[in-house]
Amino acid sequence: MPNTRSVQINDHLHYIGVNDRYTHLFESMWPLPDGISYNSYLLDGGTKTCLIDCVRVHSVNEFMRKLDEVLQGRPLDYVVVNHMEPDHTSSLRTIKDLFPDVKIITSKKAVSFLEHYYDIEEDLIIVGDGEKFDIGKTSLTFYATPMVHWPESQVCFEESTGTLFSQDAFGGFGTLDGAIFDDQINWEFYLDETTRYYTNIVGKYSVQVQRALKKLAGLDIKMICPDHGPVWRDNPGKIVELYDALSKQETKDGVVIIYGSMYGNTEMMAEAIARSLAAEGIRDIRIRDISKTHLSYLIAETWNYKGIILGCPTYNVGLFPPMGNLIQTLEKQKMKNHILGTFTNYSWGGGAEKKMAEFGEKSGWEVLETSVDVMGAPKQEDLDCCAQLGREMAAALKNSR
Ligand code: FEO
């Protein structure tokens, strides 16, 4: 078999996506220690050719080489723009320049984005929700999936092969290292990176994700081609189940304790709480130092665990700033199905305890009765209170099973 740049998926579909191993932070915020792929697909309808989503412009040369390899001199007739975020569209201007007759198939909501981002106003074909469009001898049917991940987002379905082109939905972080198909990969790695991607990027729109899953449930999907992560040709149900569980907030029976500590006193409280949880039979306990753990990973862990215990010192009569940032993020994430415990350190003036209590009230979560506020180093009676907090969390978790 020739070692081609592109990957043939079936008789009329090629993968021509690229890996990004040089960007440190996705959206300049979320760490990419193992990179990310920007997937793109060339659909050959016999008499017409169609690109489905593009890649980030940094890799446009490699992208064009792959496209040339598949087209072999044929014209490119259409580009489907399912989602406007520039990780999938910033090479669009190059495509337009190289193929001046190409038509862009997209949603009505994407029109103003195309104008404002790329000064593209012509050669647009607008497709509505449920509309079918012929690509030579085959066709694509479009379904609007607003807020998964932007308001204009849509997916398209090729009925003859049961292929869903799902843009950001069913995607994840992590480059495709040789293997592009779900039956060729180490799923444990992609499970973590897909969970982090979902919770960081799409999670706050979980209601809309559930809506999209219900809308697509009637399709006979045999393969899912997302814009990030593996192509699901063997078991597409697996990634649908993961997205379903994540968007329903099916939390794990365990506890993540996230603490900040300037001089080790608040850390001692975290240790005492964890010991108590372990003594009560809780087997899945993670302690995270907020000053060393990126927000991206903290969001993923708080999303996953039913029990969340947050602790920090007072800083300038308010929350320790990294904890303030986490709490602000959690308030926006619209997370559900959690039990919250809190512990704080008074430092020299107090204030963190009050802020934590305010967060508890706003969260809508079950909040444990005991909260612990200590001045300076915890004494034995303070550690006993921490142990009580741990016991309450363990009891609440058991009650919720
Ligand atoms: Fe992969 Fe929302 O862009």
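This is a predicted model: local features need pLDDT of at least 70, side-chain atom pairs count only at pLDDT 80 or more; totals for chains, interfaces and linings use all residues.
## Helix α9

Helix α9 covers residues 295-304, and eight of its 10 residues are buried, so the helix is largely enclosed by the rest of the structure. The buried positions are L295, S296, L298, I299, A300, E301, T302 and W303.

## The largest pocket

The largest pocket has a volume of about 480 Å³. Its lining is made up of 22 residues, of which D192, T195, K252, A300 and N304 are the closest to the centre. Two or more lining residues come from each of α5 (187-202), α7 (236-247) and α9.

By class, the lining has nine nonpolar, eight charged and five polar residues.

## Helix α10

Helix α10 runs over residues 321-333 and reaches 18 Å from its first C-alpha to its last, close to the 18 Å expected for its 13 residues at 1.5 Å a residue. Its buried residues are M323, L326, I327, T329, L330 and Q333. Seen down the helix axis, these fall within an arc of 160°, so they line one face of α10.

The buried residues of α10 pack against helices α5, α9 and α11 (352-363), and against strands β17 (252-259), β19 (305-315) and β20 (318-319). Just after α10, K334 takes a positive phi of about 55°.

## T266 in helix α8

T266 belongs to helix α8, residues 265-279. Its relative accessible area is 2%, under the 20% cut-off, so T266 counts as buried. Beyond its neighbours within four places in sequence, T266 is in contact with G260, S261, G311, C312, P313, F343 and N345.

Key
Residues are numbered from 1 along each chain as its sequence is written. Side-chain values use heavy atoms; hydrogens and water are left out. Buried means under 20% relative accessible area, exposed over 50%, partly exposed in between (1.4 Å probe, protein chains only). Helices (H or I, at least four residues) and strands (E, at least two) are DSSP runs, numbered from the N terminus. Contact means heavy atoms within 4.5 Å. On a 1 Å grid over the protein atoms alone, a cavity is a set of points where a 1.4 Å probe fits but cannot get out, and a pocket is an open set with protein on both sides within 12 Å along at least five of seven lines; lining residues have an atom within 4 Å of a point. Grid points are joined across faces, edges and corners, and a volume is the space filled by probe spheres set on the points. Ala, Val, Leu, Ile, Met, Phe, Trp, Tyr, Cys and Pro count as nonpolar, Asp, Glu, Lys and Arg as charged, and the others, Gly among them, as polar. The expected span of a helix is 1.5 Å times one less than its number of residues. The arc is that of the directions from the helix axis to the C-beta atoms.
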